[in-house]
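This report describes selected features of one protein model. Please examine the sequence and the structure shown here before reading on.

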Amino acid sequence: MPNLNINITENINDINPHIWQKLFGSHPLRQYGYYKSIEQTQSKKFKFYYINFLKNNELIAIAPCFIMNFPIDFSLDKKYKRITNFISKIFYYLINIRTVFIGMPMSCQCDIAFNPEFQDKNIVLQEIIPAMKAIAKKENAWMIAFKDFPRQYQSFLKNQNFMEIETYPNARLDINFDSFEDYLKTLSYATRYDLRRKMKTYAGLKPLTLEIKKDCSECIDRIYQLYINTVNKNELHFDVAKKDYFLNIAKNMPEEIMYFIWKLDDKIVAFNQCFYKNDIMVGDFIGFDYNIVYKYNLYFVIFRDKIEWCIKNKIKVLDEGTFTLELKKRLKFKFYNNYFYMKPNFKLFEPIARIITPFFAPSDQDKQLKILKRFKKI
């Protein structure tokens, strides 16, 4: 392709932060500091690449990549995982397939970043597959994939023989009310009654105090303990963040990061790491003290306090990620579909992959996604 050059780097420091900002825009989880923090504290499970597209020596697009041995039984029920775990002990790479992903492991909605002044995205799309294949050859990867992508690339990727798998949607709440009480009025009678009952129970207990911090270094041990508590309650995660990640993110994103921290007396009992920029707030990692989580209805206390903070600070959209989807449906969140697009790096395996892949699709395995199929998603 004339005037189009491709540069592949393994370090985000090789990319100018100001150019990154121009291409990736203002969403909190597309910031340079977010990607840098993930790279700085990367697990041995991951290796990162950045495919950079230049036209006339100007950077016009960036496709962040990562390599991992992807467990295809990621979303399976425990009873089925017993079978795949047994197979994995004997044939590890049959269940854990080395894969080149476009996207990021900790982000629940990924995309390719384009210079807003550049119009012909097809030029980049035509070149991205050969670039992925070059990385796959270097890393001995059997699969290439696009993780958690919107459906706007469906036509191009299906023409390239990628398989489409519906995965976990983003859940977002439009904050177009003036108070938490006004918000309650938008809910169904049953949900409104349930929330008020929980708040009444909470009002009869010793109150929690809320602190909001930009830096959690002074309480990192307790924060991390609560985070691990929550990770252990939920088997569905790509990786477990290291303690250093929480420290690095505060250094690399001082303007966007915030920690909501709830205390009972002087003891931290819950936290939520959040990011905000302009009028969007994203709820990310969360942790609970499970000794009191149900007594205090901590999830609802956290949700109410964040909604009230958003209203006060003129936040218009709350993005809460991919979990507790049935509950979020009751709370009037909207759902935005994400998809995996995958194909083997060797044509010989394509027919086999097309047969077995649907059995591992989250939309057919996960109970939450089965429930959400009843509802129209955006």
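Predicted model: local features only at pLDDT ≥ 70, side-chain atom pairs only at ≥ 80, totals over all residues.

Apart from residues up to four places away in sequence, Phe346 touches Ala141 and Trp142. Phe346 is placed in the loop between strand E15 (339–344) and helix H13 (350–356). With 37% relative accessibility, Phe346 counts as partly exposed.

Phe346 and Lys133 are 213 residues apart in sequence, yet their C-alpha atoms are 9.9 Å apart in space.

## The protein as a whole

The protein contains 15 helices and 15 strands. It has 378 residues, of which 54% count as buried.

Contacts can also be sorted by the separation of the two residues along the chain. Among the contacts with a separation of 6 or more, 74% come from residues 24 or more positions apart.

## A buried glutamate

Which helix holds Glu39? Glu39 belongs to helix H2, which covers residues 32–40. Glu39 is buried and has no salt bridge. The nearest side chain of opposite charge is that of Lys36, 8.4 Å away.

The side chain of Glu39 does, however, reach the backbone nitrogen of Ile12, at 3.1 Å.

## Aromatic rings

A pair of aromatic rings is described by the distance of the centres and the angle of the planes. How many aromatic pairs does a search of the whole structure find? The search finds 36 aromatic pairs. In one of them, Tyr189 and Tyr193 are stacked, with 6.3 Å from centre to centre and 25 degrees between the planes. Planes under 30 degrees apart count as stacked, which is why the 25 degrees of Tyr189 and Tyr193 place this pair in that class. Both residues lie in helix H8 (residues 189–203), where they are four residues apart, or about one turn of the helix. Tyr189 and Tyr193 are both exposed.

Trp20, Phe24, Tyr32, Tyr34, Tyr35, Tyr50 and Phe275 are linked by ring pairs into a cluster.

## Charges over rings

The charged end of Arg172 sits over the ring of Tyr336, at 4.8 Å from the ring centre. Lys233 lies over the face of Tyr290, and here the distance to the ring centre is 5.0 Å.

Is Tyr202 buried or exposed? Tyr202 counts as buried because its relative accessibility is 10%, under the 20% limit. This residue lies in helix H8. Its side chain reaches the backbone nitrogen of Leu208 at 3.1 Å. Not counting residues up to four places away in sequence, Tyr202 touches Pro207, Leu208, Tyr296, Val301 and Arg304. Of these, Tyr296 is 94 residues away along the chain, while the C-alpha atoms of Tyr202 and Tyr296 are separated by 5.7 Å.

Cys108 is found in a loop, between strand E4 (96–102) and strand E5 (113–114). Cys108 also counts as buried, because its relative accessibility is 18%. Cys108 and Lys147 are 39 residues apart in sequence, and 8.5 Å separates their C-alpha atoms in space.

## Positive phi angles in two loops

Asn56 is not a glycine, although its phi is positive, at about 55 degrees. Asn56 lies in the loop between strand E2 (47–55) and strand E3 (58–71). Asn56 counts as exposed, because its relative accessibility is 54%.

Asp265 is likewise not a glycine and has a positive phi, of about 60 degrees. Its place is in the loop between strand E10 (257–264) and strand E11 (267–277). Asp265 has a relative accessible area of 47% and is therefore partly exposed.

Terms used:
Residues numbered from 1 in each chain as written. Heavy atoms only, no water. Buried < 20%, exposed > 50% of the residue type's maximum accessible area, 1.4 Å probe, protein only. Lys, Arg positive; Asp, Glu negative; His and termini not counted. Salt bridge = Lys/Arg side-chain N within 4 Å of Asp/Glu carboxyl O. Polar contact = N/O pair within 3.5 Å; in protein donor to acceptor, adjacent residues only side chain to side chain. Phe/Tyr/Trp six-rings, centres within 6.5 Å; stacked < 30°, edge-to-face > 60°. Lys NZ or Arg CZ within 6 Å of the ring centre and 35° of its normal. Contact = heavy atoms within 4.5 Å.
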